[in-house]
Each structure stands twice: as structure tokens, then as C-alpha cells.
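Trainee: I would like to learn how to read features in a model like this one. Please take me through it step by step.

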Amino acid sequence: MLIRSCSSGIPAVVAEAARAEGMDAERMARRIAAGRIVIPANPARRHRPCAIGQGCTVKVNVNVGTSGSRCEYALEEKKAKAALDNGADAIMDLSTGGDLVAIRKKMLALDTTVGTVPVYEAVRRAGNAADVDADLLFKVIREHCKQGVDFLTLHCGVNRQALDALKLDPRLMGVVSRGGTFHCAMMMLRDEENPLFSEFDYLLEILAEHDVTISLGDGMRPGCLQDAGKLAKSVEYVTLGTLAQRALAAGVQRMIEGPGHMPYDQVGYNVRMIKEITAHAPLYLLGPIVTDIAPGYDHVVAAIGGAEACRNGADFLCMVSPSEHLALPDVEDIIEGTRIAKIAAHVGDTVRRHEGYRMEREVQMAEARHDLDWDAQFRLALYGDHAKAIHVRDGDTDTCSMCGDLCAIKMVRELFEGAASKKKE
């Protein structure tokens, strides 16, 4: 297992990831052993490693997958490749329609970290959530591990205590996590505890056997701003903290998911609280969504919340597309959502490291803008193709067409150059 290997040396995957991060390999190994960095890398398949956590750049995951109403394998593969081409660091296959093993095989053929949510497939096989028992759920989890999945979102914190909290302090939106809802239904309809919680040690044995990372799912995340202060999510936080400690003790890499929809001024507090409760385990989140009234622009809303979350310690952003809450995303939605998430991640990098805004690329961009060096600006831009297409709309000029001959940069530069020339004379 990677955690235990890092306690006695530097595994090859750690050395490779450390080089990509510009981090000392011994330091990365120590942080993996301490549970502050994870490298989801199932030994069953080889791919470019992705280090997530303390001292690493903020990573971006992109969700793809079929649904019951739209099931096109080639489209999902195209979406995954588009995400990777636009900077995604990982892909999650959330497929619920069609041959789930076949579509997962396509995702696992890509040179990237891949995650899944096994309970989706378990429910499909059973026909409904009430008929999913522990044997079926663990069987599916083991199959995903054997097939080569690197990390699994498992809603172990959705237990009877969290369900009681939901009943005690009702929420407007109830439970919005699909996986969380499945587990609530299983508990209520079968009158049993969530097997992922009650048999957590057995789950860890499976994950340890295959060296698969667990992403402790946020099944009780609030689904609207009005539910952000309700009890259920906080009860789940505490449970995930305990489970995170048990996973680390068992040598299983783990991430924490959270926290959902919440007001902007609550993002930092919640992120810091999760990090403290979980001993600074890597934090993986979607959003947070900081307003509920911008459907069609939820990717922008999520980027605002995500940048603030990163400032307070979040490590891994899940892309939100323009079609979030509206429809299954198409390729253009995936591209747009990935790009916006990468921008949020970069903003996070500028504040996570001491004077991160002084990174070489930022300095070079400032110099290129001063020099009106458009080729350099497009080369340094996160998405230079898009920037160039906008710039040349009104012709290839030496300034932008908004300012034209009244360009402040050009005038100030000429003024200072002229003054310097006169001084020499």
C-alpha cells in the first residue's frame, strides 16, 4: 500500500508526482504517510499520477457519464477527452445508463486518474435502492477495484445518526446527493444501518487489498443556501473525521468531500472545520455553490465558491458545467466548465503558496502586457486560443480595439520612454 511504502521509502509513483509538482520527493512521501496528500493510483493500471493535497497545485476533476435518458458511449468518451484536453486532472464516471462496465472500460483506457460511485451500479443491478444489500454493494465495490478504478466515492457518513439529524432539523431540499439518497432509502426501507458505515473495517480491507483511495462522500451536503446551517451536514462532518482516522490507520488513502451549497461568507469556516476534523485530509468539493438563482451560470458560481474554498485549504475542485441542475452536459458544456474550474484552481494556487501571485507565469504575463506582446500573452494565457479569437475580431492591431489609439499602456510607455530620451540628451 502506498501509505506504508511511503513510511519506509519513496515509491516510483511518488517520485514521478513530486517532479510534476516541483516538490521534494521525501516531503511528499512524508505527507502521504501522514494522510495530507493522496495519489489515487490503482496498481492494476498505469497512468499519469495526480497528487492531491498539502503543497500540491489545486487539481480539477470532471464528471462524465451516461444517464437513463441519454446513453451514448462515444459521446461520454468524447466529453472525457475534451475535459483532459482543457486541463482536467481526473475523470469521474457517473454513468447510470447502458452497459456500465463497458463505459467504465473506456474511461479507464485514458491516461488519467479515474473515479466512480459504485452505489449507482448497485442500484441499477438491484432495480431499486431498497433491494441493495451489503453483499451486492461490496461485490460491486470489489469489481470496480479489480477493473482499475483509482478512487471511489463512498457515502460512509450517511448513517442512522445523520438520518436522525435530518429528521430532527428538517431541510428545505432534504437530501440532494444521489448516493446519499440511495443510502437513506436503503436504511429507511430495510430498517438497517448503512453497511458502508457498519462494516467500514471490511470495506477498508477491500480498498487496502487493491490500494484504492476512498473519497468519503458528502451525502448530507446542503442543496440550497437555506439548508447550509442545518444539523445533518455537521453530524456527517464529525463522522467523516472519525472514519478518516480509521482509514489512515489501516493504510488506506482517503479524501473528504464537501460542502455543497452555502453562503459565500460560510465557505471558509466550513472548509477549515472539515480540514481540522479530518486531520487535514485532502478536501474534494463541488463548488461550493454560493447562490441558487443563477442556473445556466452555475459553473461561474462554483468557481467563485471554489476559489474561496481553495484559499482556506480545499485541494480538489469538481468541475460544474453550465448545465448543472438543468441537463446532462454536452461537449461544449464540459469544455466551458473545465476551463472555468481550472481558472478557479489557478486562483487558489496564487493564494495557497506564499506570494503565489509572483509565480513566473504571472510575472511574464504582466511583462507581455506592458510590452503589448500579443504572441507572448496568448502563449502564457490559460486558454490562449480563446483570447486570440477575441483579440482579432476587429483586426490584428497592436492594441486592443476597445482603447485603440487611446491605449493607456502604450501612451504611458511612450511618455516614459520620451522622458528618458530627453534626459539622456
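Trainee: Where does Pro288 lie?
Mentor: Helices (H or I, at least four residues) and strands (E, at least two) are DSSP runs, numbered from the N terminus. Pro288 lies in the loop between strand 9 and helix 14. The peptide bond that leads from Gly287 to Pro288 is cis, with omega near 0 degrees. This is a predicted model: local features need pLDDT of at least 70, side-chain atom pairs count only at pLDDT 80 or more, and totals for chains, interfaces and linings use all residues. Residues are numbered from 1 along each chain as its sequence is written, and side-chain values use heavy atoms, with hydrogens and water left out.

Trainee: Which peptide bond is cis, with omega near -10 degrees?
Mentor: Most residues other than glycine have a negative phi, and most peptide bonds are trans. The bond from Gly258 to Pro259 is cis, with omega near -10 degrees. Pro259 sits in the loop between strand 8 (254–257) and helix 13.

Trainee: Phi next. What is phi of His280?
Mentor: His280 has phi near 65 degrees, a positive value in a residue other than glycine. His280 is in the loop between helix 13 and strand 9. Leu372 also has a positive phi, near 50 degrees. Leu372 is placed in the loop between helix 16 (360–370) and helix 17 (374–380).

Trainee: Is Leu372 buried or exposed?
Mentor: Buried means under 20% relative accessible area, exposed over 50%, partly exposed in between (1.4 Å probe, protein chains only). Leu372 has 12% relative accessibility, so Leu372 counts as buried. His280 is partly exposed, because its relative accessible area is 35%.

Trainee: Which residues does Asn270 contact?
Mentor: Contact means heavy atoms within 4.5 Å. Leaving aside neighbours within four places in sequence, Asn270 is in contact with Lys233, Tyr237, Pro259 and Met262. Asn270 belongs to helix 13 (residues 264–277). Its relative accessibility is 2%, so Asn270 counts as buried.

Trainee: What joins the side chains of Asn270 and Tyr237?
Mentor: A polar contact is a pair of N or O atoms within 3.5 Å; within protein, one must be able to donate a hydrogen and the other to accept it, and residues adjacent in sequence count only if both atoms are side-chain atoms. The side chains of Asn270 and Tyr237 are joined by a polar contact of 3.0 Å.

Trainee: Where does Asn194 lie?
Mentor: Asn194 lies in the loop between helix 9 (178–190) and helix 10 (195–198). Asn194 counts as buried because its relative accessibility is 0%. Not counting residues up to four places away in sequence, Asn194 touches His155, Cys156, Val158, Asn159, His183 and Met187.

Trainee: Now salt bridges. How many salt bridges does a search of the whole structure find?
Mentor: A salt bridge is a side-chain nitrogen of Lys or Arg within 4 Å of a carboxyl oxygen of Asp or Glu. The search finds 24 salt bridges. One of them joins Glu16 and Arg46, with the closest N and O atoms 2.7 Å apart. Glu16 lies in helix 2 (residues 12–21) and Arg46 in the loop between strand 1 (37–38) and strand 2 (52–53), so the pair ties together parts that are 30 residues apart in sequence. Glu16 is partly exposed, at 24% relative accessible area. Arg46 is exposed, at 64%.

Trainee: What does Arg160 form with Asp191?
Mentor: Arg160 and Asp191 form a salt bridge, and their closest N and O atoms are 3.0 Å apart. This pair links distant parts of the chain: Arg160 is in helix 8 (residues 160–168), Asp191 is in the loop between helix 9 and helix 10, and they are 31 residues apart. Salt bridges that share partners also join Arg104, Glu121, Arg125, Lys139 and Glu143 into one network.

Trainee: Last, domains. Into which domains is the chain divided?
Mentor: Domain bounds come from an automatic or database domain assignment. The chain is divided into domain 1 (1–34), domain 2 (44–356) and domain 3 (359–423). The centres of domain 1 and domain 2, taken over C-alpha atoms, are 24 Å apart. Their contact takes 14 residues from domain 1 and 17 residues from domain 2.
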